[in-house]
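Here is a short note for someone opening this structure for the first time. Please keep the model in view while reading.

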Amino acid sequence: RFPVYDRSEQETVVKKILQKREIEDDKNEVNSIISFINNVKNRKIKVNKVLLTKKPEWIKNEIYEDYQEYLKLNGALDFNDLILFTIKLLKENKEIRKAYERNFSYILLDEFQDINSIQWEIIKLISEEESNNLFIVGDPNQSIYGFQGSNPSLITSFIKDEKWKKISLDKNYRSTEKIIGLANSFVEKNDQLVKNLLKSSRKEG
């Protein structure tokens, strides 16, 4: 058994580290460091590879190392660690991975645009490689959780991959033509996203 640190416990650890380093532990600084830690883990970035150009920003690398050391000394993990260790287990133990593959005949993944890289890695590991048992629902134009590490490029790459069958749901039953037209005008200007323009089933209201 081991403790799993949630957001409030992350904040406590980071504040202790900042105080030890005699750095002001105001709310904005703590939030910035936790976002940095989570992004490093969400994207599986080697911390010494992170490029930090602003002068005190380089200290975040050292705070990250302090944070990991604190977790290790206390036999604790955070939520991102749970995913990372699960990936490690599934990659290194083929029998366990195959057991999970057999356990899930079909996998439905909703809100795919808000998934991060390590979550997607787990899905790929437990979905059968030779079986079309994965059903994904998402809209690249509705990604809003980048601040929590979501990676919209995952759904964009997925849509462009010819291996998968795509079904486009482009009819909106909730909003009027005027609202949908305005939304489409924004989508058309974003060259980084897949163009999936909507049509309204409702006239002006």
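Predicted model: local features only at pLDDT ≥ 70, side-chain atom pairs only at ≥ 80, totals over all residues.

1. The largest pocket holds about 1,100 Å³ of space. Its lining counts 33 residues, and I136, V137, G138, I167 and L169 are the closest to the centre.

2. Which elements each supply at least two residues of that lining? They are β4 (134-136), α7 (153-160), β5 (171-176) and α8 (177-188). By class, the lining of the largest pocket has 16 nonpolar, nine polar and eight charged residues.

3. The second largest pocket has about 360 Å³ of space. It is lined by 21 residues. Nearest its centre lie N38, N42, N80, Q148 and G149.

4. Helices α1 (7-20), α2 (27-42) and α4 (79-92) each give at least two residues to the lining of the second largest pocket. The largest share, five residues, is from α2. Here the classes split into 12 polar, five nonpolar and four charged residues.

5. Why is helix α6 (residues 117-126) largely enclosed by the rest of the structure? Seven of its 10 residues are buried, so the rest of the structure largely encloses the helix. The buried ones are I118, W120, E121, I122, I123, L125 and I126.

6. The cover over the buried residues of α6 includes α2, α4, α5 (94-103), β3 (107-109), β4 and α7. Note that α2 and α4 also contribute to the lining of the second largest pocket, while β4 and α7 contribute to that of the largest pocket.

7. Look at the N-terminal end of α6, which N116 caps. A side-chain oxygen of N116 lies 3.2 Å from the backbone nitrogen of I118. I118 is itself among the buried residues of the helix.

Conventions
Residues numbered from 1 in each chain as written. Heavy atoms only, no water. 1 Å grid on protein atoms, 1.4 Å probe; cavity = no way out; pocket = protein on both sides within 12 Å on 5 of 7 lines; lining within 4 Å. Points joined across faces, edges and corners; volume = space filled by probe spheres on them. Helix = DSSP H or I, 4+ residues; strand = E, 2+ residues; numbered from the N terminus. Nonpolar A, V, L, I, M, F, W, Y, C, P; charged D, E, K, R; others polar. Buried < 20%, exposed > 50% of the residue type's maximum accessible area, 1.4 Å probe, protein only. Contact = heavy atoms within 4.5 Å. Polar contact = N/O pair within 3.5 Å; in protein donor to acceptor, adjacent residues only side chain to side chain.
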